[in-house]
Amino acid sequence: MKDNKVRRNAKQLLSLTNFIQTEFEAFIPTFEYHWNRYYNCFTLKGKPREQISYNRKMSRIPMSVI
């Protein structure tokens with residue numbers, strides 16, 4: 001299902017979301033903000049995300065010259 005196609009069809013948008021187009025467009029930024037905050041911390045199954053750290057083989061510690 002393409003979201004742009006659904007947005008252009010007012011009847012289908014109302015059927016799927018229960019919002020008219022102007023309400024839906026106003027809702028998107030708030031939903032996107034909260035979704036990104038949730039998705040950064042949790043997986044789609046609701047489990048906490050694990051932070052993965054990568055050690056670079058070629059990383060160097062800067063040495064100051066005295």
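1. What share of the 66 residues of the protein chain counts as buried? In this predicted model, the answer is 5% of them. The protein chain exposes about 7,100 Å² in total, and carbon and sulfur atoms supply 57% of that area.

2. Helix α3 covers residues 21-41, and its length can be checked by a simple piece of reasoning. At 1.5 Å a residue, the 21 residues of α3 should span 30 Å, and because the C-alpha atoms at its ends are 30 Å apart, the expectation and the model agree. The helix also has a kink of about 30 degrees, which lies at Ile 28, shortly before the proline Pro 29.

3. Side chains of opposite charge can pair when their charged atoms come close. A search of the whole structure finds one salt bridge, and this is formed by Arg 7 with Glu 25, whose closest N and O atoms are 3.9 Å apart. The pair links distant parts of the chain, since Arg 7 belongs to helix α1 (residues 3-8) and Glu 25 to helix α3, 18 residues apart.

4. Buried would require a value under 20%, and exposed a value over 50%.

Terms used
Residues are numbered from 1 along each chain as its sequence is written. This is a predicted model: local features need pLDDT of at least 70, side-chain atom pairs count only at pLDDT 80 or more; totals for chains, interfaces and linings use all residues. Side-chain values use heavy atoms; hydrogens and water are left out. A salt bridge is a side-chain nitrogen of Lys or Arg within 4 Å of a carboxyl oxygen of Asp or Glu. Helices (H or I, at least four residues) and strands (E, at least two) are DSSP runs, numbered from the N terminus. The expected span of a helix is 1.5 Å times one less than its number of residues. The bend at a residue is the angle between axes fitted to the seven residues ending there and the seven starting there. Buried means under 20% relative accessible area, exposed over 50%, partly exposed in between (1.4 Å probe, protein chains only). Accessible areas come from the Shrake-Rupley method with a 1.4 Å probe; for residues, only the protein chains shown count as cover.
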